[in-house]
Amino acid sequence: MATLSPEIAAQTITVGSAGKNFYCTGWRVGYLMGPANLIHYVSAAHTRICFSSVSVLQEAAAVGFERAEEFGFWDQSRKEMQGKVERFCAVFDELGLPSDGHANDAQSDQYSKPEGGYFVLANFARVNLPDDYDFPPHVAERTRDFKLSWFLIMKLGVAAIPPTDFYTEKNKLMAENWLRFAVCKEDEVLEQAKERLRGLRRWMK
């Protein structure tokens, strides 16, 4: 938003995650960029919100931003993540996952291709969960994506994030057939995940 015009930049605070930028999702170190007069008010509020920030990780993130361009990190990471997305999503093409009717071409109907991150969303509408599968109560009462996530972990050993928690109660059913995968893994791990996901064929319609 801030790149649209100087006028918009003067009224914009950009919120980011160092964990996402440097593939360290467990760090939970966020950052803000914006005009000093706006950041001033956020800083004042911040002291009332966060009381236990990990200063070592904050320092590491700051050094990372300072030196990223020196080492060509941004170009390298962009190329690396694009390669990992292509590598991992090949299994969805193999499985022939379905269209949800909202995208413009058949391939993007089946799964997303992130333009600025490393999470891939894939549509698992074709997967038939067995009617007699014994889900634990805390999963059985949730939407289908939670059941899919549990099923993949228990049957295939692949972990995925159920996305409906990111939706309002009214709209969460829009995402109940989708799962989110993180591709910021070693290529060997991605290949293992792909091989395990091929085991879904026995439950696909």
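Is Leu-156 buried or exposed? I found that Leu-156 is buried, with a relative accessible area of 12%; buried means under 20% relative accessible area, exposed over 50%, and partly exposed in between, using a 1.4 Å probe and protein chains only.

**Ground rules.** I am reading a predicted model, where local features need pLDDT of at least 70, side-chain atom pairs count only at pLDDT 80 or more, and totals for chains, interfaces and linings use all residues. Residues are numbered from 1 along each chain as its sequence is written, and side-chain values use heavy atoms, with hydrogens and water left out.

**Overview.** I noted 9 helices and 4 strands in the protein chain; helices (H or I, at least four residues) and strands (E, at least two) are DSSP runs, numbered from the N terminus. The order of elements from the N terminus is α-β-α-β-α-α-α-α-β-α-α-β-α. The C-alpha trace spans about 60 × 35 × 35 Å along its principal axes. Of the 205 residues, 32% are buried. I also looked up contacts (heavy atoms within 4.5 Å): among those with a separation of 6 or more, 58% are between residues 24 or more positions apart.

**Helix α8, back to Leu-156.** Leu-156 belongs to helix α8, residues 144-156. Not counting residues up to four places away in sequence, Leu-156 touches Phe-151, Arg-196, Leu-197, Gly-199, Leu-200 and Trp-203. I also checked Tyr-23, 133 residues away along the chain, and its C-alpha lies 25 Å from that of Leu-156.

**Helix α8, Phe-146.** Setting aside neighbours within four places in sequence, I listed Val-139, Pro-162, Thr-164 and Asp-165 as its contacts. Pro-162 is 16 residues from Phe-146 along the chain, yet their C-alpha atoms are separated by 5.4 Å.

Thr-143 sits in the loop between α7 (137-140) and α8. Thr-143 counts as buried at 12% relative accessibility. What does the side chain of Thr-143 make a polar contact with? I found the side chain of Thr-164, at 3.0 Å. A polar contact is a pair of N or O atoms within 3.5 Å; within protein, one must be able to donate a hydrogen and the other to accept it, and residues adjacent in sequence count only if both atoms are side-chain atoms. Beyond four places in sequence, Thr-143 is in contact with Thr-164, Lys-172 and Leu-173.

**Strand β3.** I moved on to β3, where 4 of its 5 residues are buried. Asn-123 is in this strand, residues 119-123, and is buried at 3% relative accessible area. The Asn-123 side chain reaches the backbone nitrogen of Ala-125 at 2.8 Å. β3 runs antiparallel to strand β4 (residues 178-182), joined by 5 bridges; two strands pair if DSSP finds at least two bridges between them. In that pairing, Phe-119 stands opposite Ala-182.

**Helices α5 and α9.** Last entry: α5 (residues 73-95) packs against α9 (residues 187-197) at about 10°, with axes 10 Å apart. Axes are lines fitted to C-alpha atoms, for helices over the stretch in contact, and angles run from 0 to 180 degrees between N-to-C directions. The two helices are therefore roughly parallel to each other, a label for angles under 35 degrees. From α5, residues including Phe-88, Val-91 and Leu-95 meet α9 residues, among them Leu-190, Ala-193 and Leu-197.

Technical notes
Angles under 35 degrees count as roughly parallel, over 145 as roughly antiparallel, 65 to 115 as roughly perpendicular and the rest as oblique.
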